[in-house]
Amino acid sequence: MMGKIRGLRWWIVAMICLGTVTNYIDRSSLGVLAPTLKQLWNMSSQEYSYVDASFRICYTIMQPVCGYILDLIGIKFGFSLLALCWSLASMACGLATGWASLAIFRGALGCAEASVFPCSIKSISQWFPKSERSLAVGIFNAGTSVGGMLAPPLVIFLMLSYSWQLAFVVSGSIGIVWTALWFFFYQPPEKHPSITSEEMALIKAGQEAVAPATSRARPSMLRIVSTRKFWAIALPRGLAEPASAILFAWMPLYLYQVHHFNVKDLAMFGWMPFVFADLGSVLGGYVSMFLMKHCSFRVNNSRIAGVGIGAVLMSITSCIGLISNPAVAIVLLCIGGFAHMMISVLLNTLSADVFTQNEVGTANGLTGMVTWLAGTAFTLTVGALVDSIGYGPLLACLGIFDILGTLIVFAWLRDRGPAPALG
């Protein structure tokens, strides 16, 4: 029997964040091992892009499927099953004998990992009032960069001390421990034995104006994608995703090829952009809360303002191709990580704000599908062009993409009129 826990919703989001950490350790391990595997298997940049694209294509296809499953069968069992699957798929990458077999295992990883954002956003829509959602999303989203930060030293230590195969196995096994934690502790707020009546009242009061649970009907994908609010989130997310592709899949190779980092250099410095990504994730959520509380911004407008700030910062990162100093390059990558996570947090929070609870998992999965289609197209473009034109022109696109995304979400989703009182 569990006693009552004050502020239980923050423990829930901490558990979601921990799951996201394990998720991103698994997906970031390939980028860290890429220089070694390219040399071991004589793998070209084009072939490496196929491996990354395999993950991305499967992730893209499965996001709305996972979101729909979670809307139907619930978060507790659905997320436990999918987390176990991605952990096993990550461990299986240690069995790869070349880029083709690695692409198969990474595809399986992408299928299961596609559940992490639909499930996390759906959980937060259930557990948090709208005034706190952006900070909650920022906290769980910080797990993406914590995982990316932990991956270089962990994976390189295991590779140098033992083997690259064991690096995949250990990174995957961490997720199995988290799966057990989630299965035995998670419940929705109305069923959780440890929630206080005061917290339950706070959650419900803060949700009524934005995401009422008006129906238990099955979500309609066709109806969701036919709305302007869907595209107001999906298109900016798609335009922002190339920055994520650079940060998680190509940054180690960029530092290795352009600035001649070795694996020890990557272990020493490769984690730094992810620390700043953590700051951007949490501060991005806080900026929205601050604007609502102190500047009378309406909910959507507070999210859009933060997206705009992130887009301006990302424009600075676009200059990285002009830099020959590796220290300055790391600084710009840190700014890029900060900016991208600000944008990501607030666009994901909008899904919980504008869709009802019985469809938010499906809606977030569908916006994620558009997002990852864009990211996959970009990573294939990088693979095809980087050896001939270099990274500079490709990195220069990032700031332009995010400015355009900000204009779209502002034009289609901004609130008009004075801000109502927050619940």
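Visitor: What should I keep in mind about numbering and confidence here?
Guide: Residues are numbered from 1 along each chain as its sequence is written, and side-chain values use heavy atoms, with hydrogens and water left out. This is a predicted model, in which local features need pLDDT of at least 70 and side-chain atom pairs count only at pLDDT 80 or more, whereas totals for chains, interfaces and linings use all residues.

Visitor: How many helices and strands does the protein chain have?
Guide: The protein chain has 16 helices and zero strands, where helices (H or I, at least four residues) and strands (E, at least two) are DSSP runs numbered from the N terminus. The radius of gyration of the protein chain, taken over C-alpha atoms, is 20 Å, close to the 22 Å that the globule rule gives for 423 residues, so the chain is as compact as a globular protein of that length; that rule is 2.2 Å times the number of residues to the power 0.38.

Visitor: And Arg27, buried or exposed?
Guide: Arg27, which sits in helix α1 (residues 8–41), is buried, with a relative accessible area of 7%; buried means under 20% relative accessible area, exposed over 50% and partly exposed in between, with a 1.4 Å probe and protein chains only.

Visitor: Which side chain does Arg27 make a polar contact with?
Guide: The side chains of Arg27 and Glu113 are joined by a polar contact of 3.1 Å, that is, a pair of N or O atoms within 3.5 Å, where within protein one must be able to donate a hydrogen and the other to accept it, and residues adjacent in sequence count only if both atoms are side-chain atoms. Not counting residues up to four places away in sequence, Arg27 also touches others, including Phe55, Tyr59 and Trp372, contact meaning heavy atoms within 4.5 Å.

Visitor: Switching topic, where is Trp164?
Guide: Trp164 is in helix α7 (residues 164–185) and counts as buried at 10% relative accessibility. Beyond its neighbours within four places in sequence, its contacts include Leu33, Leu37, Leu40 and Trp41.

Visitor: What about cavities, how many are there of 30 Å³ or more?
Guide: There are six cavities of 30 Å³ or more, a cavity being a set of points, on a 1 Å grid over the protein atoms alone, where a 1.4 Å probe fits but cannot get out. The largest cavity holds about 190 Å³ of space, a volume being the space filled by probe spheres set on the points.

Visitor: Which residues lie nearest the centre of the largest cavity?
Guide: Phe117, Arg237, Glu241, His340 and Ser344 do, out of 19 lining residues, which have an atom within 4 Å of a point.

How values were computed
1 Å grid on protein atoms, 1.4 Å probe; cavity = no way out; pocket = protein on both sides within 12 Å on 5 of 7 lines; lining within 4 Å.
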